[in-house]
Amino acid sequence: MQYQYSDTLGGNPAQADHSTGIIYLNRLLWPSYPPLYQKYFLEHEKGHIIQKSADQITADTYAFKAIASSQPEQAMLLPAILEKTLDFTSQRDRERIANMHQLTDQLKQRVKTGFKPVSIKTVQTGFKPVS
C-alpha cells in the first residue's frame, strides 16, 4: 500500500483510491492530527481498499479491529475520534458513531474476561511516498 500527500482533499484527512490502492493524505491537515488519529485514518482507508467496500461502517470496523488487535487501550479511544471528526446531523454519521461505541463495549467485555491482543492480518502502515 502506498501513501501520497494531496492538496485536493478539502476537509478530508485522507482518501483511498480503490483502483490504485494509493491512500492520499491531506497535506494541510495531516500534520495537525495526533498519532492515534493518523493511525485510525490510515487503517480506515486501508479498510476501504482491503474490504473492497465504499461503506464507511465497514471501513470503521476494519480500522477498529486492526488497532484493537495490538493496542486495545488505544482502540477504546476511537469513538471520541469519530465524535470529533463527524457531522452529527448526518444519520449515517450517527450510525457510524453508534457502531464504534458497540465495538468498544464488546472490546471492554473481552478485556474484562482476560482478552489477550493477537495480531490480525493487516497491511503495514509505513509511509511510502509515491512519485
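Which residue of β3 is the bridge partner of Gln15? In β3, Gln15 has Tyr24 as its bridge partner. Let's walk through the strands first, then the helix and a loop.

## About the model

This is a predicted model, in which local features need pLDDT of at least 70 and side-chain atom pairs count only at pLDDT 80 or more, while totals for chains, interfaces and linings use all residues. Residues are numbered from 1 along each chain as its sequence is written, and side-chain values use heavy atoms, with hydrogens and water left out.

Helices (H or I, at least four residues) and strands (E, at least two) are DSSP runs, numbered from the N terminus. Two strands pair if DSSP finds at least two bridges between them. Buried means under 20% relative accessible area, exposed means over 50%, and partly exposed lies in between (1.4 Å probe, protein chains only).

## The strands

Strand β3 covers residues 22-26 and has two partners to look at here. With β1 (residues 2-6), β3 pairs in the parallel sense over five bridges, and Gln2 stands opposite Ile22. With β2, the pairing is antiparallel, over four bridges; Ala14 stands opposite Leu25 of β3. Four of the five residues of β3 are buried, so this strand is largely enclosed by the rest of the structure.

Strand β2 (residues 14-17) has alternating side chains.

## Helix α5

Helix α5 runs over residues 91-112, which is 22 residues. From first C-alpha to last, α5 reaches 32 Å, close to the 32 Å expected at 1.5 Å a residue (the expected span is 1.5 Å times one less than the number of residues).

The buried residues of α5 are Asp93, Arg96, Ile97, Asn99, Met100, Leu103, Thr104 and Leu107. They lie on the same side of α5 because they cover an arc of only 155° around the axis, taken from the directions from the helix axis to the C-beta atoms. Their cover includes α1 (35-50), α2 (56-68), α3 (72-75) and α4 (78-85), with contact meaning heavy atoms within 4.5 Å. Just after α5, Gly114 takes a positive phi of about 95°.

## A loop residue to check

Most residues other than glycine have a negative phi. Lys52 has a positive phi of about 50° although it is not a glycine. Lys52 sits in the loop between α1 and α2, and at 73% relative accessibility it counts as exposed.
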